[in-house]
Amino acid sequence: MTQTTQPTTVNATIEVNAPLQRAFEVFTRDFGAFKPPDHNLLAVPIAETVVETHVGGHIIDRGTDGSECRWARVLAYEPPDRFVFSWDISPHWQVDTDEDKTSEVEVTFTALAEDRTRVDIEHRHLDHHGDGWTGVRDGVSAGEGWPLYLNRYAELLTS
Amino acid sequence: MLDGWAALGDPTRRTIFARLATAPSAVGELANTLPVSRPAVSQHLKILKTAGLVIDDRAGSRRIYRVNQAGLRQMRDELDTFWNDTLTAYKRAVEQPDPTSNEHTNHVHQLPG
């Protein structure tokens, strides 16, 4: 395999003016503070997001009504260098409990200077969710999410 | 070349696309259950494939078509946006003075009398 682009991986990177240790701490401790709120899987606003800091733990969104959404499993917790978790969210933004249909997010922290850190995110195995798409029974006709989206466009074109 | 939306403007292609969304299939399987000839199905699949809406895998002498690429691409775009927004907000958070640290606070401790 000598592909220059990996269609099943999304990469993102940023450099921040913060020491390595703090970069790791803020990312894991305050994840809920900067995660975009419009991707909330709960029916109510999020009161807090908790990252359980051990392998086998979860990332948990807690709603203001006490409801919980465990949308990720912690796969590696190695401060201050590396944090890996599963992405148990389906393309329809619902929690998928089938671990075979989940992807994986690796976050690595690299010290560039005493006060500067690079954070790299690799969100990989997105094709695992793809297996989920092809299994969606109501797919295009009565489906939601992207099939509906495609359908709407198709309707526009034929109307 | 047709893009994804235009490719789905044809009702037969939309039906084929819907079938593939339910289960990956070979050309023959689709032709058997549709009022369309096998060569016509092949032609539609070719257009859907060119538009990036379906992909095919070789399974022995057969070619299995499935819907994936377009969904994957949309998901990639969505996650791209998600992670970029997340990292931008993270940068703001991490570059703020650490509230748990006392080094940068402005409190002046008054010495007792």
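Predicted model: local features only at pLDDT ≥ 70, side-chain atom pairs only at ≥ 80, totals over all residues.
## Chain A in outline

Chain A contains 5 helices and 7 strands.

Of the 159 residues in chain A, 46% are buried. The chain has an accessible surface of about 8100 Å², and carbon and sulfur atoms account for 48% of that surface. When contacts between residues at least 6 apart in sequence are taken, 44% of them in chain A link residues at least 24 apart.

## The sheet of chain A

The 7 strands of chain A form an open sheet in the order β1-β7-β6-β5-β4-β3-β2, and the pairing is antiparallel. Strands β1 (10-16) and β2 (46-51) of chain A are at the edges; each has a single partner strand, so one side of each lacks a neighbour in the sheet. From one strand to the next, the twist averages 20°.

Within this sheet, β5 (residues 82-87) and β6 (residues 103-113) of chain A run antiparallel and are joined by 6 bridges. Arg82(A) has Thr108(A) in β6(A) as its bridge partner. Helix α1 (residues 20-29) of chain A packs on the sheet, where the strands it touches are β1, β2, β4 (68-78), β5, β6 and β7 (116-124) of chain A. The direction of this helix makes about 155° with that of β6(A).

## Thr9 of chain A

Thr9(A) lies in the segment before β1 of chain A. Its relative accessibility is 12%, and because buried means under 20%, Thr9(A) counts as buried.

Apart from neighbours within four places in sequence, the residues in contact with Thr9(A) are Glu122(A), His123(A), Arg124(A), Leu126(A) and Arg76(B). Thr9(A) and Val105(A) are separated by 96 residues in sequence, while their C-alpha atoms are 9.6 Å apart in space.

## Chain B in outline

Chain B has 5 helices and 3 strands, arranged along the sequence in the pattern α-α-β-α-α-β-β-α. Buried residues make up 39% of its 113 residues.

An open sheet of 3 strands in chain B has the order β1-β3-β2, with antiparallel pairing. Its edge strands, β1 (25-26) and β2 (54-59) of chain B, each pair on one side only. Strands β2(B) and β3 (residues 62-67) of chain B run antiparallel, with 6 bridges between them. Ile55(B) has Arg66(B) in β3(B) as its bridge partner.

Helix α2(B) packs on this sheet and touches β1, β2 and β3 of chain B, with its direction at about 95° to that of β3(B). Helix α4 (residues 38-50) of chain B lies across β2 and β3 of chain B and runs at about 115° to β2(B).

## Helix α2 of chain B

Helix α2 (residues 11-22) of chain B has 12 residues, which at 1.5 Å a residue should span 16 Å. The C-alpha atoms at its ends are 17 Å apart, in agreement with that value.

The buried residues of α2(B) are Arg13(B), Ile16(B), Phe17(B), Leu20(B) and Ala21(B). Seen down the helix axis, the buried residues of α2(B) fall within an arc of 145°, so they line one face of the helix. An α-helix has 3.6 residues a turn, so residues three or four places apart point the same way.

How values were computed:
Residues numbered from 1 in each chain as written. Chains lettered and ligands numbered in written order. Heavy atoms only, no water. Helix = DSSP H or I, 4+ residues; strand = E, 2+ residues; numbered from the N terminus. Buried < 20%, exposed > 50% of the residue type's maximum accessible area, 1.4 Å probe, protein only. Contact = heavy atoms within 4.5 Å. Areas by Shrake-Rupley, 256 points an atom, 1.4 Å probe, with all protein chains shown as cover. Pairing = 2+ DSSP bridges. Axes fitted to C-alpha atoms, helices over the stretch in contact; angles between N-to-C directions. Expected span 1.5 Å × (residues − 1). Arc of directions from axis to C-beta.
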